[in-house]
Amino acid sequence: MSAEQHDVDLQHMDAALSLAARGLGTTSPNPSVGCIIVKDGRVVGRGRTQPGGRPHAEPVALDEAGMSSQGATAYVTLEPCSHHGKTPPCCDALIAAGISRCVVAMEDSDTRVQGRGLQALKDAGIEVEVGVRQHEAEELNAGFFTKIRHGRPLVTLKVATTLDGRIATKSGQSKWVTGEAARRAGHMLRVRNDAILVGSGTAVIDNPRLDVRIPGLTHQSPKRVVMDGRLRLPLTHDLVTRAKEHETILMTFRENDTSRLSAYRDAGVRVCLIDKDKDGYISPIAVLKELGAQGVTRLLVEGGSHIIGSLFKADLIDRIIWFRASKIIGGDGLGVTTGFGLEELSLAPKFTLSNVAKLGEDMVESYRRDF
């Protein structure tokens, strides 16, 4: 392949990845995929996975391209599916459309695919190129792959602190640690996730709505999840009273009072009964496995400190988005996490800094852990 063709492939794959990114938070349990159809140097079709996970990106792009698909190149951010589900295989649609070349960012690790879609394209005489922007494609759908490999969603911790790592004053005042630009970015994080998790303490003290309040994106508010072993969440709380219009999931102990659980269910809350861990708390891995079973691939954790500590202790945090304000509260302020029994520095969870940006007067740092 010539250097010129390689540059062209990168350009169109970047466009396909941008398309796919727009679907994050709307396509679970399916991955968010982008597809670009190019004929004679001109883009003739664009598509991305639609809300709810179907139709897939390829048929959307092919429909737009129409007859121009004949002899065209398809750029797809994930291997076209090869199995019959609620929609026909995308590899069959590409073959039937008459494309001559398919550039794919990465192979699909889903056991129903795993190279079969690529092989079907090759068997049909289509030139196949794999691995263009693979790293970017893996990161884009890290939630989908985490669910495939581990049966749980990708867990992203979002925190907003002062320079000395405090989330609130000693009296509990936390509004607002960071500025408007950082808070807007926090809402955009909600848009890109399938669900938001908080503990009952955060729910009761902060009274959060856990929705998206950006004009034009309010319909993309994720599911709201509360870990509440003692059923502290009032029936008058927004998370309960709006449960029928905005899905709320309550994770609690199996042993709790059935009449109280029925009251939550009557209000529209989905109640999930979870096992205790060895310390008598709600098992964080059991919560994540339950969310994975419900199709959640990307989970945003917004507090509180006990929940965060339990997730660190269980080694279940994959990404951190840390908003940092240029303020100091002091040692009597509230910290991000409770202790989780760490005795040796060598055992501390380690993350890789992947990005730093300025948001108004604040900074945001992004950290990641590899699988």
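Trainee: Does Phe-340, at 22% relative accessibility, count as buried, exposed or partly exposed?
Mentor: This is a predicted model, where local features need pLDDT of at least 70 and side-chain atom pairs count only at pLDDT 80 or more, while totals for chains, interfaces and linings use all residues. Residues are numbered from 1 along each chain as its sequence is written, and side-chain values use heavy atoms, leaving out hydrogens and water. Buried means under 20% relative accessible area and exposed over 50%, with partly exposed in between (1.4 Å probe, protein chains only). Since Phe-340 has 22%, Phe-340 counts as partly exposed.

Trainee: What kind of aromatic pair do Phe-144 and Phe-145 form?
Mentor: Searching the whole structure finds three aromatic pairs. The ring centres of Phe-144 and Phe-145 are 5.5 Å apart, with planes at 65°. Rings of Phe, Tyr and Trp (its six-membered ring) pair with centres within 6.5 Å, and planes under 30 degrees apart count as stacked, over 60 as edge-to-face, the rest as tilted, so this pair is edge-to-face.

Trainee: What is the relative accessible area of Phe-145?
Mentor: Phe-144 is buried, with a relative accessible area of 6%. Phe-145 is buried as well, and its value is 1%.

Trainee: How are the rings of Phe-312 and Phe-340 arranged?
Mentor: Their centres lie 5.7 Å apart. Their planes meet at 25°, so the pair is stacked.

Trainee: Which residue has its charged end over the ring of Phe-351?
Mentor: Ring pairs link Phe-351 with Phe-312 and Phe-340 into a cluster. A charge sits over a ring if NZ of Lys or CZ of Arg is within 6 Å of the ring centre and within 35 degrees of the ring normal. Over Phe-351, at 5.2 Å from the ring centre, sits the charged end of Arg-369.
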